[in-house]
Amino acid sequence: MALIEGIFEPGLAVTSVDWVLNWARKRSIFPMTFGIACCAIEMMAAGASRFDLDRFGAGAFRATPRQSDLMIVAGTVTFKMADRIRRLWEQMAEPRYVMAMGACSISGGPYHLHGYHVVKGVDLVIPVDVYVPGCPPRPEALIEGLIRLQEKIGTHTIAKTRDNFGLKKKL
Amino acid sequence: MKEIEIHAQPDLLHEGEIASDIRTEELLVNMGPQHPSTHGVLRVVLVTDGELILKATPHIGYLHRCAEKIAENVSYRQYTPYTDRMDYLAAMNNNLGFALAVEKMGGIEVPERAQYLRVIFAELNRIASHLVAVGSYGLDMGAFTPFLYCFREREWIVDLFESVCGARLTYSYITIGGVREDIPEGFVSQCKEFLDFFEPKIREYNDLLSYNHIFINRTGNVGVCPADMAIGYGLTGPCLRGSGVKWDLRKNTPYCKYDEFDFDVPVGDGRFGAVGDCWDRYFVRVMEMTQSVRIVRQALERLSDGPVSAKVPRMLKLPAGEIYFEVENPRGQLGFYIVSEGGNSPYRLKVRGPSFCNLSVLEGLAKNCLLADIAAMIGSLDVVMGEVDR
Amino acid sequence: MTVLEIVDILKHRFGADLVGSVVEGTHPHVVVRAEKLVSVCEFLRDDEKLRFDLLRCVSGVDWMGKNLIEVSYDLISIRFGHALAVKVILDRAKPQVETVSGIWQAANWHEREAFDLVGVQFVGHTDLVRILMPEDWVGHPLRKDYQDPVEYHGLKVKP
């Protein structure tokens with residue numbers, strides 16, 4: 001996952017260090033401005049003053065993938081765009097997370113059956129951490145997805161576990 | 001204290017001599033599909049000579065969602081949600097265009113209450129769409145506050161829409177035959193309350209953004225599109241009216257009771273530069289919001305009792321033939337070309353997206369401008385990629 | 001001007017090149033011979049009484065059953081307010097027609113889209129490449145006999 005994971009022996013009590021690191025990471029997620037289609041408008045509304053994402057620490061939308069933690073794929077992924085999404089995701093620094101927002105990025109959405117140019121879900125291109133259903137999901141649903149992601153980040157540990165005995169986890 | 005004399009070498013300061021020594025090359029800069037100011041997935045390839053742009057080529061298709069092929073496979077009533085998602089900021093207007101095209105071809109009569117309701121929601125959506133255009137244009141120019149103000153007003157309109165159809169963005173409310181449901185109790189008074197609150201706010205936007213010196217410097221005399229160039233490139237909507245051409249389908253070829261309403265058509269006048277610059281196009285949108293408020297007030301007065309939808313069979317069959325019908329969307333003229341062979345679904349449905357034509361003028365505008373002007377031009381054209389790529 | 005008057009002017013000027021016309025109904029149009037399209041369009045744009053200055057839409061329709069491809073140009077006059085459509089009927093095996101992007105610049109992108117999705121060749125177009133689909137896509141999606149490729153760049157096309 002990140003550089004400092006999996007370096008301590010499993011017996012060593014790292015819970016307080018874990019807690020602080022996870023708290024710092026989850027309370028300051030920087031999303032990337034990656035609105036593709038209609039869901040992008042709900043993402044903008046979530047960042048505006050009524051449903052303020054900034055109170056969760058996630059209000060600083062970064063334009064460049066190098067400085068962001070979270071890629072919110074908001075909108076339909078097409079074949080022409082799929083290569084670019086993969087490239088942007090590879091440019092993000094670890095720990096990085098992906099949120100599939102909206103029905104189109106989860107499974108192709110309303111274009112699932114007859115859309116010849118639509119990728120049936122962004123998880124065919126990049127690994128996804130949180131799925132937020134809706135067409136488009138309400139800003140409250142997006143915030144719920146963010147909170148679930150924060151809970152997921154809270155489960156990380158820097159000690160060695162069965163999954164990552166000293167090896168960097170390959171994604 | 002001894003004064004230190006600085007002798008600048010006059011040769012190096014002389015521009016002409018530097019220019020003849022330096023060898024410049026053209027640089028290809030890619031303003032990629034992921035960019036904060038391209039209003040969606042638009043890629044612009046720029047050939048630059050230093051800060052000057054020599055050529056800008058837009059590449060589109062990153063959001064091509066096969067709307068036209070899907071139309072051949074689903075029925076007419078099932079197609080309404082797909083029209084929502086094309087220009088997702090003006091979903092009510094898209095629904096209206098499709099419904100009117102199908103009704104005209106099928107000879108379906110829409111009850112009067114439904115027609116006035118359609119006008120109310122189409123104009124409210126026009127206000128909401130222009131608010132997003134104005135707010136994000138300020139964001140492109142570096143002003144964050146107008147964005148928050150515009151979205152605050154938009155939330156109020158979206159609340160009104162949610163109370164009537166349950167959705168915030170893609171409504172599918174204006175269907176073939178009328179509207180889906182009647183308005184709830186208290187809607188008319190809430191709507192009037194919103195209009196009373198909103199009208200003075202437009203003056204606030206003018207104070208914040210329109211007459212701001214920095215904004216005027218960045219958008220005045222930038223991206224000038226003269227009237228004949230605008231018509232040649234097929235521009236419609238505020239982009240055409242910003243170039244001084246008084247053409248609005250609601251006045252020139254009225255549909256859906258628009259001939260009964262009293263409103264003006266604002267046109268660009270070249271106040272801070274040549275006629276047809278970015279500021280003109282932007283200001284036409286601000287003025288159109290005032291006119292939409294007028295129309296909604298008049299429509300609310302004329303609301304009569306009655307049914308809100310005609311009886312339309314679930315599997316609607318249109319007679320064999322074709323139709324091309326256009327409506328005035330917030331971004332321009334949205335056209336539907338429907339070819340029917342008498343079946344449940346169209347044989348061919350072609351959608352003429354206004355942003356598709358509006359964006360094509362970027363190549364002509366961006367000759368010998370500065371790099372920072374590209375963001376100003378794209379923002380003033382107000383493109384929505386869902387409509388460009390369909 | 002009414003559609004009937006416009007069609008009369010065209011018949012008077014072009015005679016046999018006007019293969020057909022429909023003045024009643026929801027889509028009044030004239031059908032011209034493909035070779036004469038550019039001269040008809042120039043006349044429509046430049047004539048004092050017609051002045052069709054805005055090209056609204058260029059649509060390609062694939063009539064597989066009749067082995068034809070129809071291209072429809074929808075025009076409107078900002079000056080006078082009248083509207084008309086011009087159609088050409090092309091052979092499906094080799095659909096070729098001259099470009100009108102010299103007359104209306106709007107045709108540039110519209111013709112690229114018709115080429116991309118329906119496969120019509122516009123002779124004389126400066127940059128006839130795909131506009132909506134990726135450059136290396138195979139096939140013209142809006143044709144009635146279009147088959148999806150199995151996969152594209154490693155991703156499955158069908159669900």
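Visitor: By class, how many residues in the lining of the second largest pocket are nonpolar?
Guide: Happy to start there, with the reminder that this is a predicted model. The lining of the second largest pocket includes seven polar residues and seven charged ones. The remaining class in that lining is the nonpolar one, with a count of 14.

Visitor: What volume does the second largest pocket have?
Guide: Lining residues are those with an atom within 4 Å of a pocket point, and the second largest pocket has a volume of about 700 Å³. Of its 28 lining residues, B:Lys104, B:Thr253, B:Tyr324, B:Phe325 and B:Glu326 come closest to the centre. To return to the volume of the second largest pocket, the value is about 700 Å³.

Visitor: Which residues are closest to the centre of the largest pocket?
Guide: The largest pocket holds about 850 Å³ of space, and 38 residues line it. Helix 2 (38-47) of chain A and helix 6 (112-140) of chain B are the elements giving two or more residues to that lining. Closest to the centre are A:Thr33, A:Met44, B:Pro36, B:Leu139 and B:Phe147.

Visitor: What area is buried between chain C and chain B?
Guide: At this interface, 39 residues of chain C are in contact with 38 residues of chain B. Carbon and sulfur atoms give 62% of the buried area. That area is about 3,300 Å².

Visitor: With which residue does C:Lys144 form a salt bridge?
Guide: Between chain C and chain B, the count is five salt bridges. A salt bridge needs a Lys or Arg side-chain nitrogen within 4 Å of a carboxyl oxygen. For C:Lys144, the closest N and O atoms are 3.0 Å apart, and the partner is B:Glu72.

Visitor: Which element gives the largest share of the side of chain C that touches chain B?
Guide: Across this interface, 14 residue pairs are in polar contact, both residues being at pLDDT 80 or more. Strand 3 (54-63), strand 4 and helix 3 (107-118) of chain C each supply at least two residues of the side that touches chain B. The largest share, ten residues, comes from strand 3 of chain C.

Key. Residues are numbered from 1 along each chain as its sequence is written. Chains are lettered from A and ligands numbered from 1 in the order in which they are written. This is a predicted model: local features need pLDDT of at least 70, side-chain atom pairs count only at pLDDT 80 or more; totals for chains, interfaces and linings use all residues. Side-chain values use heavy atoms; hydrogens and water are left out. On a 1 Å grid over the protein atoms alone, a cavity is a set of points where a 1.4 Å probe fits but cannot get out, and a pocket is an open set with protein on both sides within 12 Å along at least five of seven lines; lining residues have an atom within 4 Å of a point. Grid points are joined across faces, edges and corners, and a volume is the space filled by probe spheres set on the points. Helices (H or I, at least four residues) and strands (E, at least two) are DSSP runs, numbered from the N terminus. Ala, Val, Leu, Ile, Met, Phe, Trp, Tyr, Cys and Pro count as nonpolar, Asp, Glu, Lys and Arg as charged, and the others, Gly among them, as polar. Contact means heavy atoms within 4.5 Å. Buried area is the accessible area (1.4 Å probe) that two parts lose on being put together, summed over both. A polar contact is a pair of N or O atoms within 3.5 Å; within protein, one must be able to donate a hydrogen and the other to accept it, and residues adjacent in sequence count only if both atoms are side-chain atoms.
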